[in-house]
Amino acid sequence: NWNFPELEYADLRGTSISDNAVSEICNQCPNIQRLYLDSTCISSDSLCYIVQLEQIEILSLNNTNISGGLHHLNSLSNLSYLYLQNTKVDDDSIKELRDARQLKQIQLSNTEITNDGVEGLANIPTLGSLMLYNTNIDEGVYESFKRMPNLVSLYLSSSCGMSRSDMQELYDQGVLIIDIDPNAYVNQSEE
């Protein structure tokens, strides 16, 4: 029994929680603001229940079987931080967030995201931080980053292929690029 209507924080990381249990939690604990479901067995089916959490600000779904259904999150006007590392999210599923106009930070490391998926995120005006370690982006993603007016931090793998000049231009616009091996890039301006 999860009847805790005043509960604002639920950390269920690493538990054996199911989609049905997520339904029960969302029904009986409508004031949750921070929900951590990392490393659980939940699937995309849970997202249609999470939409009931109108106050949710942080949703962490790292290391789960989430692969789609992200459109359910568009109506959550307080959701600012979404963590989807090590999920089955791809370009088609991430494009479902195109109407999530309030997101400030998205973690997509170790997913199948490509430049096409990042392009879909460029329409989120509040997006300030994007984590894309070990994804399938390449140097073409630079144009999408330039279209993100509030972007202040990027977490990228050195294998993303962005040139030093592109990184410098982003830096000059106020974007901090974190955890980059500068020796892994080709300085295209010197070629």
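In which loop does Asn136 lie? Select Asn136: the residue belongs to the loop between β6 and α5. Helices (H or I, at least four residues) and strands (E, at least two) are DSSP runs, numbered from the N terminus. The model is predicted, so local features need pLDDT of at least 70 and side-chain atom pairs count only at pLDDT 80 or more, while totals for chains, interfaces and linings use all residues. Residues are numbered from 1 along each chain as its sequence is written, and side-chain values use heavy atoms, with hydrogens and water left out.

Remain on Asn136, which is partly exposed, with a relative accessible area of 42%. Buried means under 20% relative accessible area, exposed over 50%, and partly exposed in between (1.4 Å probe, protein chains only). Display the side chain of Glu112 as well: a polar contact of 3.1 Å joins it to the side chain of Asn136. A polar contact is a pair of N or O atoms within 3.5 Å; within protein, one must be able to donate a hydrogen and the other to accept it, and residues adjacent in sequence count only if both atoms are side-chain atoms. Residues up to four places away in sequence aside, Asn136 touches Thr111, Glu112, Ile113, Thr114 and Asn115, where contact means heavy atoms within 4.5 Å.

Next, select Thr135, in the loop between β6 (129-132) and α5 (142-146). Is Thr135 buried or exposed? Thr135 counts as buried because its relative accessibility is 14%. A polar atom of the Thr135 side chain lies 3.1 Å from the backbone oxygen of Leu132. With neighbours within four places in sequence left aside, the contacts of Thr135 are Leu108, Ser109, Asn110, Thr111 and Ile113.

Move to Asn134, also found in the loop between β6 and α5. Asn134 is not a glycine, yet has a positive phi of about 50°. For another such case, select Asn63, whose phi is positive at about 60° although it is not a glycine. Asn63 is found in the loop between β3 (58-60) and β4 (81-83).

**Aromatic pairs**

How many aromatic pairs does the model hold? The count comes to two, under a rule by which rings of Phe, Tyr and Trp (its six-membered ring) pair if their centres lie within 6.5 Å; planes under 30 degrees apart count as stacked, over 60 as edge-to-face and the rest as tilted. Select Tyr9 and Tyr36, a tilted pair with 5.7 Å centre to centre and 55° between the planes. This pair links distant parts of the chain, with Tyr9 in strand β1 (residues 9-11) and Tyr36 in strand β2 (residues 34-36), 27 residues apart. Tyr9 is partly exposed at a relative accessible area of 35%, whereas Tyr36 counts as buried at 14% relative accessibility.

Then select Tyr133 and Tyr155, an edge-to-face pair with 6.3 Å centre to centre and 70° between the planes. Here too the pair links distant parts of the chain: Tyr133 is in the loop between β6 and α5, Tyr155 in strand β7, 22 residues apart.

Return to Tyr36 and show Arg13, whose charged end sits over the Tyr36 ring, 4.5 Å from its centre. This description requires NZ of Lys or CZ of Arg within 6 Å of the ring centre and within 35 degrees of the ring normal.

**Helix α6**

Select residues 164-172, helix α6, and colour Asp166, Met167 and Leu170, which are buried. These residues lie on the same side of α6 because they cover an arc of only 100° around the axis, the arc being that of the directions from the helix axis to the C-beta atoms. The buried residues of α6 pack against α5, β7 (153-156) and β8 (176-178). On the face turned away from the buried side are the exposed residues Tyr171 and Asp172. Just after α6, Gly174 takes a positive phi of about 95°.

**The largest nonpolar core**

Finally, select Ile50, Leu130 and Phe145, which touch the most other members among the 53 residues of the largest nonpolar core. Such a core is a set of buried Ala, Val, Leu, Ile, Met, Phe, Trp, Tyr and Cys residues joined through side-chain atoms within 4.5 Å. End on Ile50, whose contacts beyond four places in sequence include Val22, Leu35, Ile56 and Leu73.
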